[in-house]
Structures are given as structure tokens and as C-alpha cells.
Amino acid sequence: MIGLYTAEEVRAAEEPLLATGPEGALMQQAATGLATVCARLLDDVYGRRVVLLVGTGNNGGDALHAGAFLARRGARVTAVLLDPERAHPAGLAALRRAGGRVGTGADAIARADLVLDGMLGIGGRGGLRPEAAELARAAADGAGITIAVDVPSGVDASTGAVDGPAFPAMHTVTFGAVKLGLVVGEGRGYAGEVHLVDIGLGAHLPTPSAWRFTDADAAARLALPAPDDDKYSQGVVGIVAGSATYPGAGVLCTGAALRTRPGLVRYAGTAAGGVRAAWPEAIVTEGRPGDAGRVQSWVVGPGMGTDDDARSVLAEVLATDLPVIVDADGLTMLAEQQDLVRARRAATVLTPHDREFARFGTEPGGDRVAAARDLAADLGCVVLLKGDATVVADADGTAFVNGTGTPWLATAGTGDVLSGITGALLATGLPGVEAAAAAAHLHGRAGQLAAERGPLIAGDLVRRLPDAIQRVRGVPHSGLGHWEA
Ligand SMILES: NC(=O)C1=CN([C@@H]2O[C@H](COP(=O)(O)OP(=O)(O)OC[C@H]3O[C@@H](n4cnc5c(N)ncnc54)[C@H](O)[C@@H]3O)[C@@H](O)[C@H]2O)[C@@H](O)CC1
Ligand SMILES: Nc1ncnc2c1ncn2[C@@H]1O[C@H](COP(=O)(O)OP(=O)(O)O)[C@@H](O)[C@H]1O
Ligand SMILES: [K+]
């Protein structure tokens, strides 16, 4: 797993290194790593125009030292200083020694091949002041590559909240540890591609605030069928989704569960006809959940409606002592009867998008990890808050930020697929928070695979799920399967 850290955690880890290491050593390491990434992205450094946006703190110092490195390799480097009296003295001296110069704003930015944002790093507080905001806008309008030093200025490094304008980075070169604000919420959009430069913080870092799953983490949670398995022992999933008028949600959800963990999937609900036609593999009843037969987990909510029948079905499912994932219409009803979750002892996973989340009382706001954590703690369940970087939080504060996916997932029905995957993983006995994090990871990978062929529809995710599973397991898909000689 990849740890994601707040600014405070990174500062605390830096302290012992600053206290014991030679003066400026950490900054030299950071700046060298930064300049190396810049040089790689510029391809040929000689003669390139580089503009440094330089604030009053160490973030500006990093930019100045990296600028000096690039100037020594023949780049034409101009530093734009937000406050000339307070620019990092050693950094400025190094830049001047290397032949860099100090200049002014917008024109230089418009002509730059590369704009390096060293205005604010983890010491930034609140929104950008007007002069900094102006430079960020000019960088957005320019044609050069935009690279943020450590954190894009205007982005809260700990939360990803953005208050007003911020520097639009195509790349962020971050030091020592990945800051949470680079991968979640609005901040993620400003950070672009994140490059991590090792400055030796490793042993000093605390347990991170949040985690990101790798493919290996997801794969470790996808238990393979064993020789002594049968269709029941793999975990049976029950699906309550879709309706006579809207069978689609039932079809997608059932398909996703089957494709994730094809032991046995049972369906109960009024979309029975559509589900039966689409998935002969599923066991289908028009009746209530109790008529479906034994299951090890329930998916309830997508497209099921919100009438009285739907309410009583939701209550019936939540009254079981089985793990349940609640989505869509189920969430709309649950928001009005939150005690149905609080009373549960088995795992409950709620998978709201922003509007569904708001029905539980508060908008997600700028700090999406905190929002998901708060609701999870309040209800005593797992909350998976959907978005371009989906957040999963458990009642004890454990949090994951998803790193897979594509904006092509913003299409109807993809949420139903996520519900089916989550239900299938819950049925295997995984803790709720791990099932949800692994499901989000897998869903995103399926989306990426489907998007390789252009615009995707939700059904494509179901079709690509087997490939996504093989991909996260690191199995090359030759189409022939794996044979041991
Ligand atoms: N601590 C260290 O030794 C290291 C720090 N590094 C760099 O240092 C950065 C943190 O440096 P600092 O703590 O000096 O902080 P920053 O450079 O992030 O910013 C602090 C300065 O900006 C001002 N400021 C804060 N909010 C502002 C706003 N909204 N508008 C305008 N000005 C604002 C503050 O008054 C202060 O002068 C990191 O992000 C990283 O880039 C790296 O060099 C690695 C080593
Ligand atoms: N811009 C985006 N980038 C990446 N993923 C997205 C984006 N917008 C939505 N998604 C993902 O697509 C899915 C949409 O789910 P949802 O809103 O429930 O749709 P539906 O109810 O139509 O199925 C979620 O998994 C969400 O994380
Ligand atoms: K910055």
C-alpha cells in the first residue's frame, strides 16, 4: 500500500533530519530530484526558457536551486519573485551564480517552455493572494509545461481543498512522501501526474493518514478458487436492484457480481425477467430477499425505487446479520432512517455520490476524506464516497483513496457495477473497508481497460472485469490461460 500523508506528518518527519543533517542538505536533495524530473520532461535543456515562480518560503528555495541546476545545463532561467526582500537567500545566490536572472511576470510566462511553481508548498495557508493568483492564471494560459514544486500553490496539501485560484500543474514533483491533497478532491485535478522524490524521510514517517491500494493490494484480496471449493463455499451474493420499469440496474449489478466472483449469485426483485434473460447463471426470484435462499452478503438499492415495498425490502435486508452494501435508491431511503445502519452488527458499506452523501446531512465539502470519515464514524459503517478519486473510510478512521479509473466512468450505470463488485467481495468474508477499497480499485481498472477502446458504457465494465482481475494479479492476458508444464 502507498501511504498518503498530511503536511503536519511530513513536517514532523523532516524535523529529525533537519536537526542532524548538514544545513541545506535536504533542500539540495529535493532540488536535485526536482531538476532531474524537469530535465526529463524538457527533453533537451539547453536553450530552453524556464520561469520560476518564487514565494517567500522553502518552496521557493527548492525552485531557485532547481533553476540553478537547469541554468548550469544551459537553460535560460528567469525567477519571478513574489517578495524580493524575502526570497530564499541561498537559492537566489545559487541561481545568480549559475547565470539565472530575476525578472517579471506574465510576458516571461507566456514565452516559457517550463513554468516551475515554487510559490507555496506545505506551508501555504488559505487561498492565493492576488499577485500569486495572477501568475497561476498566466501559467494556465501559457503553452509551457507546468510543474508544481511539492504541492501546487493554492491546494491544501493535507486535504486537497482548493480555495479560489490555484496553480494548474501538469506534473507535481513532491518530496519525501505523497501528500494526501495531491490525490484527492480538487487538489488532484491541479496536481497532474505526481512524481515522488526520495529525501530519506522513510523511517521517520508515522503511520499514514490514508492509503492507496496498488494492484498487488487488490489482488491479495481476490482469493482464487481452491481445488476443494464448490459454488457455495466461494461466497454467495444476493442482489436486490432494478425494478420492472428499470431492469438495467439489476442486470448490471448481477453481471458485475458474477464476473467478480462467479460462485453463485442470487437475485430477488421485480427486475427478475430482465436479469434472468441477461444472466442465465444467476438464480432469480420475483419474491422478497427472504425467498432467495441463503447468501453471504447483500447488495441493495440500485434502481429499486423508493416506494413502500422498496422501504420494507431495504429494512428486511438490513435486519439480517450479513454484510450489506447499500447504494442509490437504498441510500435515499436510508438517509431518512439512519438508525437502520446504526443498529447493525455486520459490515455495512454505503456507496454515495456527492448528492446522495448530502442527503445524510452535510455536503462532502473540500475535505472529502474527513467527510467520509465523519459519516462512517457517525453511522458505524464503511462509507465509499464516489468521485474521480473515490474515498473509502471506516468508522475507526482507516481511509483509502482510490488511484484507478478514468473520467469515462462518469456515465450511467457504472455505479451499479461497483455495487455488484463490492457485494461479491463482501461475500468472500473480507472486512467491509477492504472489500470496498478493492472493489473501487478493480472497478477503476476495468474502466481504464474499457476506455482503451474509446467511450465506455457500463456493460463494458462488466465485460472487462475478468481482464481487470487478471491485470491486477499481474497475469498477462495471452488468451490461452496459464499452463504449468
Ligand atoms: N523542511 C525542509 O527542510 C524541506 C522543505 N522543503 C520545501 O519547503 C516547503 C515548505 O516550506 P515553508 O515551510 O518555508 O513553507 P512554504 O514555502 O510552503 O510557504 C511559506 C511562506 O509562504 C507564506 N504564505 C503562506 N500562505 C500564503 C498565502 N496564501 N499567500 C501568500 N503567501 C503565503 C508564509 O508567510 C511563508 O513565508 C515544502 O513544501 C518543500 O517544498 C524541501 O526543500 C525539502 C526539505
Ligand atoms: N470524473 C470521473 N472520473 C472518474 N470516475 C468517475 C468520475 N465521475 C464518476 N466516476 C465514477 O463512476 C461511478 C458513477 O457512479 P454513480 O454516480 O453511482 O452512477 P450510476 O448511479 O449512474 O451508476 C463511480 O464509481 C464514480 O467514482
Ligand atoms: K508549489
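Q: Where is Ala-328 found?
A: In this predicted model, Ala-328 sits in the loop between β15 (324-326) and α12 (329-335).

Q: What's its phi?
A: Ala-328 has a positive phi of about 50°, although it is not a glycine.

Q: Is Ala-328 buried or exposed?
A: Buried, because Ala-328 has 23 other C-beta atoms within 10 Å, and 20 or more counts as buried.

Q: And Asp-43, what about its phi?
A: Asp-43 is not a glycine either, and its phi is positive, about 75°. Asp-43 is in the loop between α2 and β2 (49-54).

Q: Buried or exposed for Asp-43?
A: Asp-43 is exposed, since 8 other C-beta atoms lie within 10 Å of it; the cut-off for exposed is 12 or fewer.

Q: What does α2 lie across?
A: Helix α2 (residues 25-42) lies across β5, β6, β7 (171-175) and β9. Helix α2 runs at about 160° to β7.

Q: OK, the sheet. What's the strand order?
A: The order is β4-β3-β2-β5-β6-β7-β9. These seven strands form an open sheet, and their pairing is parallel.

Q: Which are the edge strands?
A: β4 (101-103) and β9 (193-197), each of which pairs on one side only.

Q: How much twist from one strand to the next?
A: The twist averages 25° from one strand to the next.

Q: How many bridges between β5 and β6?
A: Four, in the parallel sense, between strand β5 (residues 114-118) and strand β6 (residues 145-149). Asp-117 stands opposite Ala-148 in β6.

Q: Switching to the ligands. How many residues surround ligand 1, and which are closest?
A: There are 27 residues around ligand 1, and the closest are Gly-57, Asn-58, Asn-59, Gly-121 and Gly-123.

Q: Which helices supply at least two residues of that shell around ligand 1?
A: α1 (7-20), α2 and α3 (58-72) each supply at least two. The largest share, four residues, comes from α3.

Q: How does the shell around ligand 1 split by class?
A: The shell around ligand 1 has 12 nonpolar, 10 polar and five charged residues.

Q: Now ligand 2. Which residues come nearest?
A: Lys-386, Asp-388, Leu-409, Ala-410 and Gly-415, out of the 18 residues around ligand 2.

Q: Where does the largest share of the ligand 2 shell come from?
A: From helix α16 (residues 414-427), which gives four residues to the shell around ligand 2.

Q: And the classes around ligand 2, how many of each?
A: Six are nonpolar, nine polar and three charged.

Q: What does β17 pair with?
A: Strand β16 (residues 348-350) is joined to β17 by two bridges, and the two run parallel. Val-349 stands opposite Val-382 in β17. β17 also pairs with β18, in the antiparallel sense over three bridges.

Q: How many residues sit between β17 and β18?
A: Five; the two strands form a hairpin. Across that pairing, the bridge partner of Val-383 is Ala-393 in β18.

Q: Which way do the β17 side chains point?
A: Val-382 and Leu-384 point one way from β17, Val-383 and Leu-385 point the other way, and all are buried. In a regular strand the side chains alternate between the two faces of the sheet.

Q: On to α15. Why does its length make sense?
A: Helix α15 (residues 368-379) has 12 residues, which at 1.5 Å a residue should span 16 Å; the end C-alpha atoms are 17 Å apart, so this agrees.

Q: Which residues of α15 are buried, and what do they pack against?
A: The buried residues of α15 are Arg-368, Val-369, Ala-371, Ala-372, Arg-373, Leu-375, Ala-376 and Leu-379. Among the elements they pack against are α7 (185-191), α13 (339-342) and β17 (382-385).

Q: What comes just after α15?
A: Gly-380, with a positive phi of about 70°.

Q: Last one, Ala-458. Where does it lie?
A: Ala-458 lies in helix α18 (residues 458-473). Ala-458 counts as buried because it has 24 C-beta neighbours inside 10 Å.

Q: What does Ala-458 touch?
A: Leaving out residues up to four places away in sequence, Ala-458 touches Leu-252, Thr-411, Ala-412, Gly-413, Thr-414, Asp-416 and Val-417. The C-alpha atoms of Ala-458 and Ala-256 are separated by 9.9 Å, although these residues are 202 residues apart along the chain.

Methods: Residues numbered from 1 in each chain as written. Chains lettered and ligands numbered in written order. Predicted model: local features only at pLDDT ≥ 70, side-chain atom pairs only at ≥ 80, totals over all residues. Near = placed C-beta within 6 Å. Nonpolar A, V, L, I, M, F, W, Y, C, P; charged D, E, K, R; others polar. Pairing = 2+ DSSP bridges. Axes fitted to C-alpha atoms, helices over the stretch in contact; angles between N-to-C directions. Contact = placed C-beta atoms within 7 Å. Expected span 1.5 Å × (residues − 1).
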